[in-house]
Amino acid sequence: MARGKSPTFEVQRGVILQEAAQLFADKGFHNASMAELAKACGVSKPLLYHYYKDKENILFDIADSYMDQLLAIVAGVESQDLEAEPHLSALVMRFMEEYEHSQNQHVVLVQDVKFLQTAQEEYVVGKQRKVVAAFADAIERVEPGLRSRNLDKPVAMILFGMINWTFTWLRSDGRYTYGDMAPVVTAILLNGVKGLLKTEMPPATAAPKE
């Protein structure tokens, strides 16, 4: 009789995904080894293979579970039934708040999904397209007519260009938090730089680094 999974099986897999996300983000997928991951998780290498058969499946689970988190955010904002501009603002705010606490997963999604097998990559990319479509819909609600000019998705990608790379410059010990920057992003998208100074800014949360 095959031995069943222990009650802690999924908990341990979650720990592995957290440690792997940090390792892959720091070193890159190809430069990180299963031996290093086992050490980071405090388990033996054979035990690590009990939870995951290879590094590629770990990468897939990191990316796939992170996309599920982002899709859940989209669904949560949609359930609030907000007007067009508050809806877009809420999407930007919730995504940036998530990025602040899921930086490693976000880095892995951005830099390493291309190393997945084709079927796995297409599955993750399919979820990414759903997120982009949700933002494109939100933008079309703010400015009806963009879709008829095939501009709704390009504008959505411009928005993602502003928020997806914040991990490269926005620091936890800097002047502003991700939440502070969310209304700035929304103001720039809706009004351009000329409208930015009309946006009420939160007070600085920390002194700037010298």
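These legends accompany close-up views of a predicted model. Residues are numbered from 1 along each chain as its sequence is written, and side-chain values use heavy atoms, with hydrogens and water left out. In this predicted model, local features need pLDDT of at least 70 and side-chain atom pairs count only at pLDDT 80 or more, while totals for chains, interfaces and linings use all residues.

**View 1. The chain is built from nine helices and zero strands.** Helices (H or I, at least four residues) and strands (E, at least two) are DSSP runs, numbered from the N terminus. Of the 210 residues, 41% count as buried, meaning under 20% relative accessible area with a 1.4 Å probe, protein chains only; exposed is over 50% and partly exposed lies in between.

**View 2. Here is the largest nonpolar core, with its 62 residues.** Such a core is a set of buried Ala, Val, Leu, Ile, Met, Phe, Trp, Tyr and Cys residues joined through side-chain atoms within 4.5 Å. Phe24, Leu37, Ile58, Phe95 and Phe135 touch the most other members. Helix 4 (residues 55-78) supplies the largest share of this core, eleven residues.

**View 3. Let us look around Phe95.** Contact here means heavy atoms within 4.5 Å. Leaving aside neighbours within four places in sequence, Phe95 is in contact with Leu70, Ile73, Val74, Val131, Phe135, Phe160 and Ile163. Ring pairs also link Phe95 with Tyr99, Phe135 and Phe160 into a cluster.

View 4. Rings of Phe, Tyr and Trp (its six-membered ring) pair if their centres lie within 6.5 Å; planes under 30 degrees apart count as stacked, over 60 as edge-to-face and the rest as tilted. Phe24 and Phe29 have ring centres 5.2 Å apart and planes at 85°, so this pair is edge-to-face. Both Phe24 and Phe29 are buried. Phe135 and Phe160 form a tilted pair, 4.7 Å centre to centre with 55° between the planes. Phe135 lies in helix 7 (residues 118-142) and Phe160 in helix 8 (residues 152-163), so their pairing ties together parts that are 25 residues apart in sequence. Phe135 and Phe160 are buried too.

**View 5. Charged ends sit over the rings of Tyr52 and Phe29.** A charge sits over a ring if NZ of Lys or CZ of Arg is within 6 Å of the ring centre and within 35 degrees of the ring normal. Arg13 places its charged end 4.1 Å from the centre of the Tyr52 ring. For Lys55, the charged end is 4.6 Å from the centre of the Phe29 ring.
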